[in-house]
Amino acid sequence: MDAVTPPGAGHEAAFRAPIAHIRDYEPGADAEQVAAATGIPFEDVVKLASNENPYPVSPSVLRAIERQFDFLHSYPWEDFGRLKAAVAAANGVPDANVVLSAGSAQLVLNLPLLYVDPGDEVVLAPQSYALYEAASQVMGATLRRVPLKDYRFDIPAIVAACGPRTRIVWLCSPNNPTGAVVTADELERLVTQVPETTAIVVDQAYREFVDEDDYGDPLALLAAGHRNVISLCSFSKAYALAGLRLGYAIADPAVCVMLDRISEPFLLSRPACAAGLAALDDDEWLAASTRTVLEGRALLTRELTALGWDVVPSQGNFVLADTHGDGRALFRRLLDEGVIVRPADGWGYPTHIRVSVGLPEQNERFLAALRRCL
Amino acid sequence: MIGADMLARSFRTAVCDIDFEWPTVNLLDACRQYGLEIDDVAYLAANENPYGPSPKALAAATESLSLARVYPSPSLRYDELRNEYAEVRDALAAYCGVPADMVMPGPGSETVLRYVTQVFVDPGDEIVTAPESYSGHPWACQIMAADVRYVPLRDYRFDIDAFLATVSDRTKMVWLCSPNNPTGTIITDVELRRLVANVPASTVIVCDQAYQELVDDPSWGDATQLLLEGHRNVVVLRTMSKAFGLAGLRMGHAIADPEVCSLIDRIREPYYISGPSCAATLAALDDLDWCREVVRKLQAGRRWVTQQLTELGCTVVPSQCNFVLADTGVAAGVMYDRLLRRGVVVRPGDIWGYDTHLRISIGTDEENRRLVAAMAAALAE
């Protein structure tokens, strides 16, 4: 590979060495850009690339946000406590087990600040959410990459990769981009075999879409006394609030105290606080939205399988499918049709695409465009 | 089963050693204690802007809610066409009079200053700051295991000579705040230039200018100007929380050398600023008349409060911010309680070592009048 000059190399003040190794994040293509490039009206572009929830945001949530607009000049301290209590109640834990954040990605960035000194190790899968790697590298972690096996976390290999300097094991369940879960047995096996001083982080951003019975619930392990288990949850997926930045961690109170200590005091926006409170209070909306996503997931799985593709059974709001062809070339052809999916070559799946589940009409438009492309 | 000691051993020493706690406000408890209605309290403790944002910013934020379910466009680059974060970056650059590649927006300047420490501060690196300044600066450095050296203010002002005497080739970062929170004092252009000229080019000089819009003293030094003159080690922090009244939406930015911006771009999370924050910021920057009018009112309020408190016998530090630091001659905690009982909340100065001082945010005219009346009664107790 060619030597690449890292950004900042020409600057007199030396930047930290670990920063040079971080890879740029590749976001999903943007709907506005695609609209402009193809001439397809923005409203007609189908974006199924960032695992967003297609269901319209709950009207009660929108009303709650608008009520905040008289108070935008002030920091949202009073709703912060209320939201923490509501999140705790929704998860059946005391308030002391909750840390709020402006999106769970912010917690992904903060966890290495709490655990990783230069030269410490983290264990992660290369076919998972890319930010675990970058966030660990910011703190100078040595990465132990344990590839997925059959699209799933390889628990025996992860246990084998853990050593005395392993500070964090990063899991994502259901996993982005494969949609596979870590089962209850697997999670228990991992937790009992890894040293207690290693943090086991389970990113559960997609947990509300799970309908498998043997899903491994980190909260159950935490309740059983495994104090090194940390669950990350999100309002971006099931609650359709990606644009507002709201997430949280459930962890041991001692861990929460430390995570709060390294969080900004005013980290949540007022709209996010209000939206979170209203969203947790609207079970009916959540049930309807989740039902739509699960039906869409079943439809996409069925239709793509019918094309002769191998579709990974998914518990997320997306499916990963092996097209048996060039995934990125198909991604480009779909762009011309005004449909945005995610090529999977960045995760080492060059023949796959990842498709987020849309509304029924969006799923149909994707399938129709796909038939024209093939 | 893991014990508490074992769990604590898994944390980084640097984080365990942080001795600083953010001041917490439990206004609801306080109201209950004194039988106050929350809506009747004059909250003058967080340097918020009582006039709020431009109505155009509110309208834009409302409109943006139709996209609440989707992530904002994450790239700061115009790959081919426009996107939200890049538009915000352009608008901030135009407002600050710098090229777009010298701007790094973020969800609040606190978050941006953390990114700056993550880019530059290795464990054991020495950083220099003042103890009577914004506590977020040493806090962020301590997370990165910095060796923090404190140079006290002198007569409520940054002591440039003492800073220069402390800075050496081993100093990774110097933190300035101008105007300074909590004193409201400025670093003059002459002082700033002397500091920058005498600090090694390998030392990063971060100047927090959160309150810049409130300045009317022509001798104030603008670190952005020094950056534009080629001092690539200068980083300026700005915010939409103060003059623009958008504290509740979380938006701030760094102005820095393009190389530094691209390093921050590399370590931030991809979707980090909310959609409403982007929309409101763009609209607020498009309505600078609103901001100017608000600043004019805050400056008038500042003059009035300074004069009134002085007449009550307080020593008021001349302020260039939307707050004043006043020495009442009475223990800060005692005065805090006396004012709280009267429904006025201020910030006691003892956390900065100003044991008889209060930091008082400038409110609306009515809030300012309430403050002065409460203060007169409290001092007479």
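A polar contact is a pair of N or O atoms within 3.5 Å; within protein, one of the two must be able to donate a hydrogen and the other to accept it, and residues adjacent in sequence count only if both atoms are side-chain atoms. By this rule, 37 residue pairs are in polar contact between chain A and chain B, both residues of a pair being at pLDDT 80 or more.

The model is predicted: local features need pLDDT of at least 70, side-chain atom pairs count only at pLDDT 80 or more, and totals for chains, interfaces and linings use all residues. Residues are numbered from 1 along each chain as its sequence is written, chains are lettered from A and ligands numbered from 1 in the order in which they are written, and side-chain values use heavy atoms, with hydrogens and water left out.

## The interface of the two chains

Contact, which is defined as heavy atoms within 4.5 Å, joins 82 residues of chain A to 83 residues of chain B. Buried area is the accessible area (1.4 Å probe) that two parts lose on being put together, summed over both. For chain A and chain B this area is about 7,400 Å², and 60% of it lies on carbon and sulfur atoms.

A salt bridge requires a side-chain nitrogen of Lys or Arg within 4 Å of a carboxyl oxygen of Asp or Glu. Three salt bridges are counted between chain A and chain B. A:Arg16 and B:Asp122 form a salt bridge, with the closest N and O atoms 3.0 Å apart.

Helices (H or I, at least four residues) and strands (E, at least two) are DSSP runs, numbered from the N terminus. Several helices of chain A give two or more residues to the side that touches chain B, among them H1 (31–38), H2 (59–67) and H4 (104–115). H4(A) provides the largest share of this side, namely eight residues. For the classes, Ala, Val, Leu, Ile, Met, Phe, Trp, Tyr, Cys and Pro count as nonpolar, Asp, Glu, Lys and Arg as charged, and the others, Gly among them, as polar. The side of chain A that touches chain B has 47 nonpolar, 18 polar and 17 charged residues.

## The domains within each chain

Domain bounds come from an automatic or database domain assignment. In chain A, the assignment gives domain 1 (17–56 + 284–373) and domain 2 (59–280). In chain B, it gives domain 1 (10–52 + 289–380) and domain 2 (55–287). The table sets out the contact of the two domains in each chain.

| Domains | Distance of C-alpha centres | Buried area | Salt bridges |
|---|---|---|---|
| Domain 1 and domain 2 of chain A | 24 Å | about 2,500 Å² | one |
| Domain 1 and domain 2 of chain B | 24 Å | about 2,800 Å² | two |

In chain A, A:Asp211 and A:Arg297 form a salt bridge, their closest N and O atoms being 3.3 Å apart. Across the interface of domain 1 and domain 2 of chain A, 13 residue pairs are in polar contact. Helix H11 (283–306), strand S10 (318–322) and strand S13 (352–356) of chain A each supply at least two residues of the domain 1 side. H11(A) gives the largest share of that side, seven residues. By class, the residues of this side of domain 1 of chain A divide into 14 nonpolar, 11 polar and four charged.

In chain B, B:Arg303 and B:Asp216 form a salt bridge, their closest N and O atoms being 4.0 Å apart. Between domain 1 and domain 2 of chain B, 16 residue pairs are in polar contact. Helix H13 (288–311), strand S10 (323–327) and strand S13 (357–361) of chain B each supply at least two residues of the domain 1 side. H13(B) gives the most to that side, with nine residues.

## A sheet in chain A

Two strands pair if DSSP finds at least two bridges between them. Four strands of chain A form an open sheet in the order S9-S10-S13-S12, with antiparallel pairing. Strand S9 (310–311) and strand S12 (342–343) of chain A stand at the edges with a single partner strand each, so one side of each is left without a neighbour in the sheet. The antiparallel pairing of S9(A) and S10(A) extends over two bridges. A:Val311 has A:Ala321, in S10(A), as its bridge partner.

## Backbone features in the loops

The peptide bond from A:Asn176 to A:Pro177 is cis, with omega near 20°. A:Pro177 lies in the loop between strand S5 (166–172) and helix H7 (184–193) of chain A. In chain B, the peptide bond from B:Ser178 to B:Pro179 is cis, with omega near 0°. B:Pro179 is placed in the loop between strand S5 (171–177) and helix H9 (189–198) of chain B.
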